[in-house]
Amino acid sequence: MNKLMIICLMFGVIFASQGCAAIFSGSTDKVYFDSEPRNATFIAGGVQGETPITLEVPKSTTAVTFSKKGYEQTTVPIDRSLMVGYLILDILLTPGYGVTGCLIDGLSGDWMGLPPTVSGKLHKITKEETPQE
């Protein structure tokens, strides 16, 4: 086989084994995290940080937990949205009438988009809520 055929075959295998969203948009999104009060720590999809900050997190992330000493921990759900364009591309461009792409992107969560900003509001713990020793 000549080199051109091998390269074309390699690209064909790679393309056939991926969904359109996985290829074109990846499996992470950049999200700006903020909190009230600021400098709270958070965990989102296995990624940790301190607010305010912009980080890349997995598109499969469904919630963010914020915490800070002296404040109640709070968990905020993330409203993910379906990126319909990638679903259509999967159906039209991937082998098996879209079955391969739909399975890959659907199971991985790559069809979903995260909002650009996620914020959490923490409530101060009052003396009555603090356990007595």
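Phe 33 counts as buried, because its relative accessibility is 0%. Buried means under 20% relative accessible area, exposed over 50% and partly exposed in between (1.4 Å probe, protein chains only). Phe 42 is at 1% relative accessibility, so Phe 42 counts as buried too. The rings of Phe 42 and Phe 66 have centres 6.1 Å apart and planes at 50 degrees, so this pair is tilted. Rings of Phe, Tyr and Trp (its six-membered ring) pair if their centres lie within 6.5 Å; planes under 30 degrees apart count as stacked, over 60 as edge-to-face and the rest as tilted. Phe 42 lies in strand 2 and Phe 66 in strand 5, so the pair ties together parts 24 residues apart in sequence.

The whole structure holds two aromatic pairs. In the pair of Phe 33 and Phe 42, the ring centres are 4.3 Å apart and the planes are at 25 degrees, so the pair is stacked.

## Basis of the model

The model is predicted: local features need pLDDT of at least 70, side-chain atom pairs count only at pLDDT 80 or more, and totals for chains, interfaces and linings use all residues. Residues are numbered from 1 along each chain as its sequence is written, and side-chain values use heavy atoms, with hydrogens and water left out.

## Nonpolar core

The largest nonpolar core has 13 residues. Such a core is a set of buried Ala, Val, Leu, Ile, Met, Phe, Trp, Tyr and Cys residues joined through side-chain atoms within 4.5 Å. Phe 33, Val 64, Phe 66 and Val 118 have the most contacts inside this core. Strand 1 (28-36), strand 2 and strand 5 (63-67) each give two or more residues to the core.

Phe 66 also touches residues beyond four places in sequence (contact: heavy atoms within 4.5 Å). Among them are Asp 34, Phe 42, Val 76, Val 118 and Leu 122.

Four strands form an open sheet with the order 3-2-5-6 and antiparallel pairing. Strand 3 (47-50) and strand 6 (74-77) stand at the edges, each with a single partner strand, so one side of each has no neighbour in the sheet. Strands (E, at least two residues) are DSSP runs, numbered from the N terminus. Two strands pair if DSSP finds at least two bridges between them.

Strand 2 (residues 41-44) pairs with strand 3 over four bridges, in the antiparallel sense. Phe 42 has Gly 49 of strand 3 as its bridge partner.
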